[in-house]
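Colleague: Could you take me through this model? I would like to start with the strands, and then jump around a bit.

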Amino acid sequence: ILKVIKIPERGDKFANLCAQKGTVGMVLPQVDMPFTPDGICPDVIINPNALPSRMTISMLLEMVLGKCACMMGEFVDATPFSENSTNVAARIEAALKSVGFARDGNECMINGETGEPLRSRIFIGTSYYQRLKHMVSDKIHARPHGTVTTLTRQPPAGRARDGGMRMGEMERDAVLAHGAALFISSRIFDRSDAFYVQICNHCHVISNHRNECHLCKSTELIQTRLPFASKLLFQQLFACMIGCKFTATLS
C-alpha cells in the first residue's frame with residue numbers, strides 16, 4: 001500500500017513545532033465552532049493548561065508573531081540567540097497594536113452554537129500543527145478471548161499476536177481506590193489464568209494427583225483456584241528444593 005487516506009478522528013495525535021502534543025478529543029462541524037467578529041474560525045482548540053506544565057512559551061510567541069506576519073504580509077525571523085530574540089515581548093506587542101489587535105493577542109469570540117459572545121477573551125493565533133503517525137485506527141484492539149501462551153497459560157502480549165489488554169499496577173490501584181476489588185479479581189484472575197489445584201489438607205502441598213496426595217497418600221484434598229503462573233512458580237521452587245505449604249481447611 002503506497003497511500004491511505006485517513007480523516008482525523010477522536011484519538012488521533014497532533015503536535016506543533018514546539019513539541020506541544022495532544023490527541024483529538026472532539027470533532028465539531030465548523031458551524032458550531034467559535035469565531036471572531038471578522039469571521040475567522042479556528043481549526044484547533046487546545047487546553048491552555050498544557051502551556052504552564054510544558055512551558056512552551058515559544059508557542060505563544062509563534063502564534064502572536066504569526067498573527068503579525070499574516071496582517072503585514074511579511075516574513076518574520078524567530079531565530080533564538082540573535083538580535084531578533086531580544087526584547088521580543090515588547091516588539092510583538094507593539095506590532096500587534098499597529099495592525100489593530102490587542103497587545104496581549106486575545107480577542108472576543110462568538111459562540112457558534114448560540115450566537116452569543118463568549119464572556120472571556122480568547123487567545124488566538126497561527127500555529128503550525130502536524131499530524132503524527134499515532135492514529136487510533138491503527139492502535140484500536142479488543143478481544144473477548146483467544147490464545148494463551150504455552151508456559152504460563154496467560155494471554156500473549158501485543159496487538160500483532162492478538163494478545164490481551166494488560167491491566168498494570170497503576171490501573172489496579174485506581175480501581176482499588178474506587179472499592180471495586182471484585183472487578184480486579186475478575187479482570188486479572190478469572191479472565192487471565194485461573195487454574196484449579198488440589199491441596200492436601202494433611203501436608204499442605206499441591207498434589208499431583210486428583211484423588212490422593214502424592215507425598216503422604218492422604219485422601220483429604222481440597223480443590224481451590226490459583227493463577228497458573230503462581231502454581232508454576234511454586235513448582236519451580238519445589239524443583240529448587242524450596243518447600244511451599246498452603247493453609248487449607250475443609251468447608
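Modeller: Two strands pair if DSSP finds at least two bridges between them, and strands (E, at least two residues) and helices (H or I, at least four) are DSSP runs, numbered from the N terminus. This is a predicted model, in which local features need pLDDT of at least 70 and side-chain atom pairs count only at pLDDT 80 or more, while totals for chains, interfaces and linings use all residues. Residues are numbered from 1 along each chain as its sequence is written, and side-chain values use heavy atoms, with hydrogens and water left out.

Colleague: OK, which residue stands opposite Asn 16 in β5?

Modeller: Asn 16 stands opposite Tyr 129; β1 and β5 (residues 129–131) run antiparallel and are joined by three bridges.

Colleague: And how many bridges pair β1 with β2?

Modeller: Three, again in the antiparallel sense, between β1 and β2 (residues 21–23), with Thr 23 as the bridge partner of Lys 13. The two strands form a hairpin with four residues between them, and Ala 19 in that turn has a positive phi of about 65 degrees.

Colleague: Which elements have the lowest and highest mean pLDDT?

Modeller: With pLDDT being the predictor's confidence in each residue, from 0 to 100, helix α3 has the lowest mean, 85, and strand β1 (residues 13–16) the highest, 94. For the chain the mean is 88, and 98% of its residues reach 70 or more.

Colleague: Is Cys 18 buried or exposed?

Modeller: Buried means under 20% relative accessible area, exposed over 50% and partly exposed in between (1.4 Å probe, protein chains only), so Cys 18 counts as buried at 19%, whereas Cys 240 is exposed at 55%.

Colleague: Last one, where is Ala 90?

Modeller: Ala 90 is in helix α3 (residues 88–98) and, at 35% relative accessibility, counts as partly exposed. The C-alpha atom of Ala 90 is separated by 9.1 Å from that of Arg 103, 13 residues apart along the chain.
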